[in-house]
Amino acid sequence: MHNTDYKKLSSENSELIKKDKFIHSYMTMFQTVHFQYINDLCNSTCIIDKEGLKIGRQYVMFFNEKELMYKHASLLLQDNDSKDLLEIGYGLGIFSQAACSIGVKSQTIIEIHPWLVERAKIWRDSLKEPNKVFIINNAWQKSLESLGKYDAIMYDACSPSGYSHYDFEYLIEILCSEKLKAGGLLSFWNSGVRIPPIKEHILKNNFKTIHKYKYKMISIPKHWVQKTNCFIIPIAVK
Ligand SMILES: C[S@@+](CC[C@H](N)C(=O)[O-])C[C@H]1O[C@@H](n2cnc3c(N)ncnc32)[C@H](O)[C@@H]1O
């Protein structure tokens with residue numbers, strides 16, 4: 001074998017070892033921190049009221065975010081119906097409906113809460129083409145083996161307090177690296193006028209381009225707890 005082939009092989013191997021170590025340490029954290037979080041989440045009652053969706057005592061989604069979700073969908077799907085879409089976190093199903101109204105080749109939804117999964121199934125069964133929609137009832141972190149390859153991914157799930165950057169790193173380094181097609185697009189819910197520097201750094205290491213669209217929510221819900229009503233809608237191109 002030529003010398004450069006050995007070099008290439010050993011650098012590929014060290015990348016694989018790095019990736020394995022990362023998966024291992026993330027999954028250890030998942031078993032300890034997320035296990036309890038997900039357990040609590042799934043055992044909490046969901047309430048949908050005039051303002052939005054509460055899981056337990058906390059609002060996780062507001063109806064006033066409808067326009068925001070429609071903008072995410074429009075930018076992510078580029079207003080055409082040719083994409084295989086993966087959506088992480090069903091919530092009120094606003095993004096799902098937005099995507100469906102634009103049109104998709106297929107739409108896979110991952111949702112952990114059983115009550116919301118049932119709502120997602122009822123919604124799917126009401127569609128003209130229910131066969132295009134696939135629903136996975138699991139944590140997204142544990143769903144990799146059930147997934148195909150996607151043209152577009154929308155990430156809008158919750159993390160245990162203080163762990164959103166770890167989850168984001170796993171999302172990008174593992175899920176998007178394996179399941180988002182080359183040239184595919186990623187978007188995610190991002191409150192504030194910029195993407196947090198750690199997330200931006202992770203994105204820059206893994207994506208060719210990051211487009212950022214500004215959005216301001218005009219009507220603020222009574223129970224809104226974010227510091228701002230401004231958003232960035234990120235569209236990262238792999
Ligand atoms: C903010 S809501 C999503 C709102 C949605 N984009 C919409 O348009 O209505 C977040 C959702 O992610 C789900 N979720 C949280 N952690 C999850 C996980 N690890 N895996 C899958 N779903 C998760 C929650 O149950 C909740 O339904």
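Which helix and which strands each supply at least two residues of the shell around the ligand? They are strand 3 (58-62), helix 3 (94-102) and strand 5 (106-111). Before going further, a word on what you're looking at. This is a predicted model, where local features need pLDDT of at least 70 and side-chain atom pairs count only at pLDDT 80 or more, while totals for chains, interfaces and linings use all residues. Residues are numbered from 1 along each chain as its sequence is written. Helices (H or I, at least four residues) and strands (E, at least two) are DSSP runs, numbered from the N terminus.

Back to the ligand. It is surrounded by 21 residues, and the closest are G89, G91, L92, I94 and F95; a residue is near a molecule if its C-beta atom, placed from the backbone, lies within 6 Å of it. Sorted by class, the shell holds 14 nonpolar, five polar and two charged residues. In that sorting, Ala, Val, Leu, Ile, Met, Phe, Trp, Tyr, Cys and Pro count as nonpolar, Asp, Glu, Lys and Arg as charged, and the others, Gly among them, as polar.

Now zoom out to the chain, which has six helices and 10 strands. Its radius of gyration is 18 Å, close to the 18 Å from the globule rule for 238 residues, so the chain is as compact as a globular protein of that length. (The radius is taken over C-alpha atoms, and the rule is 2.2 Å times the number of residues to the power 0.38.) Along its principal axes, the C-alpha trace spans about 65 × 40 × 35 Å. Buried residues make up 30% of the 238 residues. Here, buried means that 20 or more other C-beta atoms lie within 10 Å of a residue's own, exposed means 12 or fewer, and partly exposed is in between, with C-beta atoms placed from the backbone.

What about the inside? The largest nonpolar core has 46 residues, of which A99 and I153 touch the most other members. Such a core is a set of buried Ala, Val, Leu, Ile, Met, Phe, Trp, Tyr and Cys residues joined through C-beta atoms within 7 Å. Not counting residues up to four places away in sequence, I153 touches L86, C176, L180 and L186, where contact means C-beta atoms, placed from the backbone, within 7 Å. Follow that list to C176, which sits in helix 5 (residues 164-179). C176 counts as buried because it has 22 C-beta neighbours inside 10 Å. Beyond four places in sequence, its contacts are I153, L171, L186, N206 and K238.

Strand 1 (residues 46-48) and strand 2 run antiparallel, joined by three bridges, and form a hairpin with three residues between them. Strand 2 (residues 52-55) also pairs with strand 3, antiparallel over four bridges; pairing takes at least two bridges found by DSSP. L53 of strand 2 stands opposite I48 and also opposite M61 in strand 3. K54 has Y59 as its bridge partner in strand 3. This second hairpin has two residues between its strands, and G56 in the turn has a positive phi of about 65 degrees.

Finally, look at the loop between helix 2 (66-77) and strand 4 (84-88), where Q78 lies. Phi of Q78 is near 50 degrees, positive in a residue other than glycine. D79, found in the loop between helix 2 and strand 4, also has a positive phi near 50 degrees. Q78 counts as partly exposed because it has 13 C-beta neighbours inside 10 Å, whereas D79, with 10, counts as exposed.

Notes. Two residues are in contact if their C-beta atoms, placed from the backbone, lie within 7 Å.
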